[in-house]
Amino acid sequence: LGWGLLPRPSPYFPGALAGASLMDSARGRRRVPLSEFLSGMGKLLPRALKGDQTIYTGSRLSVAEFAGIKVLAAMFGCFAGMALLKELGTFNPLVLLILGLFGFFVPTLWLRSRISARQRAIVRLLPEVIDLLALCIGAGLDFLMALNKVVGLTRFQKEPLIEELGAALQEIKFGKRRIEALKTMAKRLSLPELSSFVRTVVQADRMGTPIGEVLAVHSEDVRMERLVKAERLALKAPIKILFPLIFCIMPCVAIIVGAPI
């Protein structure tokens, strides 16, 4: 509620600056009251319970604000438990504890689902981006110009991978070495496919290999690896279907067939 009131950071730093201040330097406005309130609530938690995974979701929330949401969710769970126990006419501290812990961990589950969805979107788009980079380099551009060309495509503006590449490109423009910016991006996302892409670029840069040819070969490898992963998941599907078939579908079939008899 009210998250749309928060000022938006630069599209090239989605979450990488999520812990930064929300001060609007262009107009000198102070942080909105909701952000201040969530940050104040987040200070109630010890540092070990706050977590720092908001930087991986592209969210505009800082770590302190997310911790504040967890505190509010825990309080809401306790209040819901008190209302439930009041209706039942009894009091059980264990119920309050369970509902409070449930409310505390619900935002964490939501955050992990956002991280998983973002990682899947990055892996899905990676081969296409590598192909575009190889095409631009083959047309005569260097790696930075090709990266700038791909980041500037309007059809990819809302993709997480393009946001992360844009953040790395901004770091390079601010004076950071290209290899260091790419390694920082790979370390931040912790994806094997993206780490392999960064290692390929770094190795081609060190050995003087034509980076366009290397990227074309690596794109085929990424697609082949994704195909193997899809086949592996398809082979696991019959085993996963077996348990619902035995415990849910077979009893219903037995009742339908055996009840008339």
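Tutor: What follows covers the salt bridges, then the aromatic rings and the cysteines. This is a predicted model, in which local features need pLDDT of at least 70 and side-chain atom pairs count only at pLDDT 80 or more, while totals for chains, interfaces and linings use all residues. Residues are numbered from 1 along each chain as its sequence is written, and side-chain values use heavy atoms, with hydrogens and water left out.

Start with the salt bridges. A salt bridge needs a side-chain nitrogen of Lys or Arg within 4 Å of a carboxyl oxygen of Asp or Glu. The count is 9. One of them joins glutamate 163 to arginine 118, with N to O at 3.4 Å. Glutamate 163 sits in helix α6 (residues 160-173) and arginine 118 in helix α4 (residues 93-138), 45 residues apart. Helices here are DSSP runs (H or I, at least four residues), numbered from the N terminus. Both partners, glutamate 163 and arginine 118, are buried. Buried means under 20% relative accessible area, exposed over 50%, and partly exposed in between (1.4 Å probe, protein chains only).

Next, take arginine 188 and glutamate 164. Their closest N and O atoms are 2.5 Å apart. Arginine 188 counts as buried because its relative accessibility is 11%. Glutamate 164 is at 2%, so it is buried too. These contacts join up: Arg118, Glu163, Glu164 and Arg188 form a network of salt bridges.

Glutamate 128 and arginine 155 make another salt bridge, at 3.4 Å between the closest N and O atoms. Glutamate 128 lies in helix α4, and arginine 155 in the loop between α5 (143-151) and α6, 27 residues apart. Glutamate 128 is partly exposed, at 30% relative accessibility. Arginine 155 reaches 61%, so it counts as exposed.

Now the rings. Rings of Phe, Tyr and Trp (its six-membered ring) pair if their centres lie within 6.5 Å; planes under 30 degrees apart are stacked, over 60 edge-to-face, the rest tilted. That gives 1 aromatic pair. Phenylalanine 104 and phenylalanine 105 have centres 5.2 Å apart and planes at 90°, so the pair is edge-to-face. Phenylalanine 104 is buried, at 12%. Phenylalanine 105 is partly exposed, at 45%.

Last, the cysteines. The search finds 0 disulfides (cysteine sulfur pairs within 2.5 Å). For cysteine 248, the nearest cysteine sulfur is that of cysteine 252, 7.3 Å away. Cysteine 248 is partly exposed, at 48% relative accessible area.

Note on methods. Helices (H or I, at least four residues) and strands (E, at least two) are DSSP runs, numbered from the N terminus.
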